[in-house]
Each structure stands twice: as structure tokens, then as C-alpha cells.
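I opened this notebook page to record how a few secondary-structure elements are arranged. The entries below follow the order in which I looked them up.

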Amino acid sequence: MRHNSQHYVPANLPVRVPRGQEGYWQIICQLADTKGDFTINDVDDQSNVGRGDIQVYVWSLSKAGFLDIVRAGKANRASTVFRLVKRQRIAPRVRRDGSIIPATAQENLWTAIRTLKSFGLRELAFAATTEDVRPTYEGTKRYVMRLTDAGYLVITSPSGGPKGATWRLKPSMNTGPKAPERRAVNADVMWDPNTKVFVGAEPIATEARQ
Amino acid sequence: MIERSPHLPGFGVCHGPSGYGKTYASIFAQNRTKALRVEVGDSWTRRTLLRQILKECSETVKERWPISDLSDMAKSVLAEDPRRPLIVDEADKLVDKGMIEIVRELQEASGAPVILVGEEKLPAKLLTVERMHNRVLHWFPAQPCDLEDARALANAFAPKVDIKDDLLEEIRARSGGRARRIVVNLDQAAELARNKSMKALDMKLWGAADFYTGEPPAPRHIEQYPRRERKAA
């Protein structure tokens with residue numbers, strides 16, 4: 001009875017439900033502001049993913065020292081009450097055993113690109129190296145090529161000489177601190193988390209095959 | 001700086017001549033500590049400074065917000081992460097423009113550590129601002145490269161050539177310990193080794209080839225072209 005439902009105009013309201021580790025961290029910070037101490041249930045109420053994911057993240061956070069256990073659950077672990085003790089803006093990336101996951105090579109490279117502005121591959125890999133993250137020459141090259149294809153970088157001197165090619169970051173594409181990353185959606189383009197757009201070639205509409 | 005007690009001053013100053021690797025050091029610090037970094041431009045105003053800091057925090061700001069609002073927002077954003085440092089490169093420009101007070105205000109209100117990076121004269125410039133210089137906890141001057149640093153650079157920039165210690169030391173000395181010049185000389189060494197298809201290079205093989213010292217060319221005596229001699233009348 002289709003005509004009966006015509007009073008109900010389907011409204012498409014995009015509501016952003018916080019998901020993923022960044023989302024859970026956001027919820028935890030908000031809970032700490034409004035409610036103080038919280039349980040895993042409180043976090044679960046504000047997201048729409050399965051509990052398991054949240055549980056794992058909250059327990060790893062407490063092992064990493066971001067959360068204190070105020071009251072341990074008696075009957076089950078779900079009634080454990082947590083308190084946020086170490087606050088930061090970026091969601092901490094932690095493993096199950098509570099160790100911190102270091103930054104990815106791409107993030108280091110993006111930081112170095114933004115600071116150096118003009119660079120060769122070896123120079124870039126050298127600048128982006130820290131104790132725990134060491135981008136390889138090949139990996140650096142791959143990321144630089146991707147950024148070039150997507151229009152972030154221009155080649156200032158082509159390869160051929162002993163020094164190899166040099167690149168420059170287009171000032172207009174210095175979009176922000178988060179590194180653009182490859183996302184396989186339906187098309188292969190770059191995702192810029194600062195401006196929240198896909199950058200580069202026109203996405204070719206293809207069926208996403210499972 | 002990050003682990004300092006809250007009552008201590010929150011400024012660090014890193015100063016040194018160009019080419020000593022301050023920028024590389026700041027990239028390293030940024031990658032290690034997730035620090036925010038802004039590089040002050042010549043045309044910057046107070047507004048651009050605050051907007052850039054907020055942009056680094058991934059905050060979007062409206063075009064027409066008053067400066068005081070921007071400043072309040074920056075303070076609250078920085079205060080949310082009191083362990084995350086803010087690196088201000090080319091900070092001497094801030095002193096020149098009289099904008100350093102904004103940074104001081106941000107630091108005091110938020111408690112976040114602030115690292116000022118600038119040229120060799122930066123400490124002297126900061127001394128002229130009375131309220132600034134006793135808020136500095138650490139002064140760390142950039143150091144010239146020693147042989148060990150030069151070795152690390154050689155491994156990174158000329159990995160295929162084995163550069164012997166005598167040549168490396170000469171390169172280091174002639175470059176004045178400046179990392180940027182050492183790298184240029186290492187590039188030359190790599191090229192030389194390629195052309196001669198050598199695996200190792202020392203002082204003897206380098207021979208009389210020039211070093212890159214960054215010295216500008218000496219003034220030419222433009223009057224020294226051969227003149228036609230005047231015939232005696």
C-alpha cells in the first residue's frame with residue numbers, strides 16, 4: 001500500500017555516529033567531561049558498533065595508563081568503573097597489551113614533506129627516520145609517487161642525474177598535519193583527512209567486489 | 001621540556017646558523033612527540049599566526065572571528081594536550097614583528113611547552129624582551145657536525161660509496177661542520193666515485209677536486225682586461 005505511506009516523506013539525515021578508535025576516544029573524553037567516571041556500557045551506548053571492539057580498546061587504554069580503574073567489577077568485568085587520567089586530543093593508538101603503536105612511516109614522511117618543502121628521496125627518508133619508524137627507500141618512493149599522482153607534489157628536477165629527482169610540495173596542497181593515505185574504495189584515490197575529500201583523478205565508478 | 005614540573009618556565013630555545021640541521025631536528029622532534037609546528041612567514045600578522053596554530057590542531061576557524069576569540073580557542077586547544085609541544089620555526093621574525101607576546105600568552109595560559117627555533121641571534125633578540133627571557137627553561141644551541149655525525153650523513157646520502165675517514169674529516173672541516181654543505185660535498189663524492197667506478201674514496205683519489213664551502217666568488221677585477229696601449233703623442 002504505497003500511497004498510504006506518502007505522508008511519511010523519507011528524510012535522509014546524515015548523523016555521524018562516532019566509530020573506530022578515534023570515535024571511542026572522543027566519547028570517553030566527553031563522558032569524562034559530563035559524567036566523570038564511566039563504564040564500558042556508557043561508551044557502548046553512544047556508538048553503534050559491536051561491544052567487543054570497544055571493550056578491547058578500553059582495556060588496552062587502561063593497561064597503557066590512560067584510564068584508571070576506580071572500582072573493579074565484582075560479578076563481571078563489564079561493571080568495572082574507569083576514570084580518564086591522561087588526556088590528549090589525538091586518540092591514543094594502543095595494542096592489546098597496552099604498548100603504544102608508533103606512528104606509521106607515511107605519517108613521518110608527510111611531516112617531513114611539509115617541513116622540507118623541496119626534497120629528494122634519500123633526503124626525505126633520512127629526515128623521516130626516528131628510532132621506532134624507519135621508512136625504507138622503496139616505501140618512500142612509493143608514497144611520493146602516490147602523492148605526485150594525486151597532485152600533491154610536483155617534480156622540480158627529473159631523475160637522471162646522480163642525485164635523482166627532486167620534488168616540491170604544492171603550497172595549496174599543504175592541507176594539514178594528518179597524512180593523506182591510500183584508500184581502496186571503489187576507485188583508487190588519495191584520502192585527505194584534513195579537508196575530508198578524495199583527491200586526485202576522477203574516481204572511476206566500479207563495483208566494489210567483495 | 002615535556003616532563004618538566006608545571007611551575008617551571010615552558011619555553012625552549014633552539015638557535016644556530018643556517019645549515020646546521022635545525023629543520024631536520026625539528027622534523028625528528030615532531031615525529032617523536034607529535035608536536036605541532038608552525039613556520040613564521042614574513043607577511044604574517046597576529047591573525048595568521050593564530051590561524052596557522054589552530055590549523056595545525058585540525059581546528060577549522062571562520063574567516064571573520066576576532067583575534068581575541070582565535071587566541072582563546074588556541075589556548076583551550078593547546079591546554080587540552082599540555083604535554084604536546086608547539087614548535088615555532090623562524091621565531092626571530094616574531095620578535096622583530098613584536099608578536100612574541102602572543103606566543104608567551106598562549107604558553108602561559110595553556111602550559112604546553114613551546115620550542116622557539118631560530119637563527120644564531122635569536123637569544124640576543126629575546127633578551128630585549130624583558131618578559132620573555134626569564135621564561136626560557138633551556139637554551140640549546142645547534143652543534144656543528146663531528147666526524148661521527150658526518151659518518152651518519154655519509155651512510156644515509158652516499159650509501160654505495162665507502163668514504164674513508166681522512167676524506168670525510170676534510171669534507172667536514174671544509175664544510176665548517178654544516179650538515180647542508182657536507183651533504184653537497186658527499187653528493188659530489190658519490191658522483192666522482194660513479195664516474196671513476198670506484199667503490200671506495202679517500203683523499204688521494206679525491207685529488208685536487210674542489211670542495212663546496214659555500215664561499216661566494218671573490219670580486220673580479222674588472223679593470224684587468226688588456227688595454228690597448230696609448231701611443232705616445
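I counted two strands as paired if DSSP finds at least two bridges between them. The model I examined is predicted.

Entry: strand pairing in chain A. I looked up S4(A) and strand S5 (residues 166-169) of chain A, and they pair in the antiparallel sense over four bridges. For A:Leu153, I found A:Leu169 in S5(A) as the bridge partner.

Entry: the sheet. I then traced the strand order of the open sheet, which has three strands arranged S3-S5-S4 (chain A) with antiparallel pairing. Strand S3 (118-120) and strand S4 (153-157) of chain A each have a single partner strand and stand at the edges, so one side of each lacks a neighbour in the sheet. On average, neighbouring strands of this sheet are turned by 35° against each other, direction ignored. I noted that helix H6 (residues 137-149) of chain A packs on the sheet and touches S3, S4 and S5 of chain A. The direction of H6 makes about 110° with that of S4(A).

Entry: a helix pair in chain B. I asked at what angle the axes of helix H8 (residues 147-157) and helix H9 (residues 165-174) of chain B cross. They cross at roughly 105° and come within 10 Å. H8(B) and H9(B) are therefore roughly perpendicular to each other. From H8(B), I listed B:Leu147, B:Ala150, B:Arg151 and B:Ala154 as making the contact. From H9(B), the contact is made by B:Asp165, B:Leu168, B:Glu169 and B:Arg172. Sorted by class, I recorded four nonpolar, no polar and four charged residues in the contact of H8(B) with H9(B).

Definitions and conventions:
Residues are numbered from 1 along each chain as its sequence is written. Chains are lettered from A and ligands numbered from 1 in the order in which they are written. This is a predicted model: local features need pLDDT of at least 70, side-chain atom pairs count only at pLDDT 80 or more; totals for chains, interfaces and linings use all residues. Side-chain values use heavy atoms; hydrogens and water are left out. Axes are lines fitted to C-alpha atoms, for helices over the stretch in contact, and angles run from 0 to 180 degrees between N-to-C directions. Helices (H or I, at least four residues) and strands (E, at least two) are DSSP runs, numbered from the N terminus. Angles under 35 degrees count as roughly parallel, over 145 as roughly antiparallel, 65 to 115 as roughly perpendicular and the rest as oblique. Contact means heavy atoms within 4.5 Å. Ala, Val, Leu, Ile, Met, Phe, Trp, Tyr, Cys and Pro count as nonpolar, Asp, Glu, Lys and Arg as charged, and the others, Gly among them, as polar.
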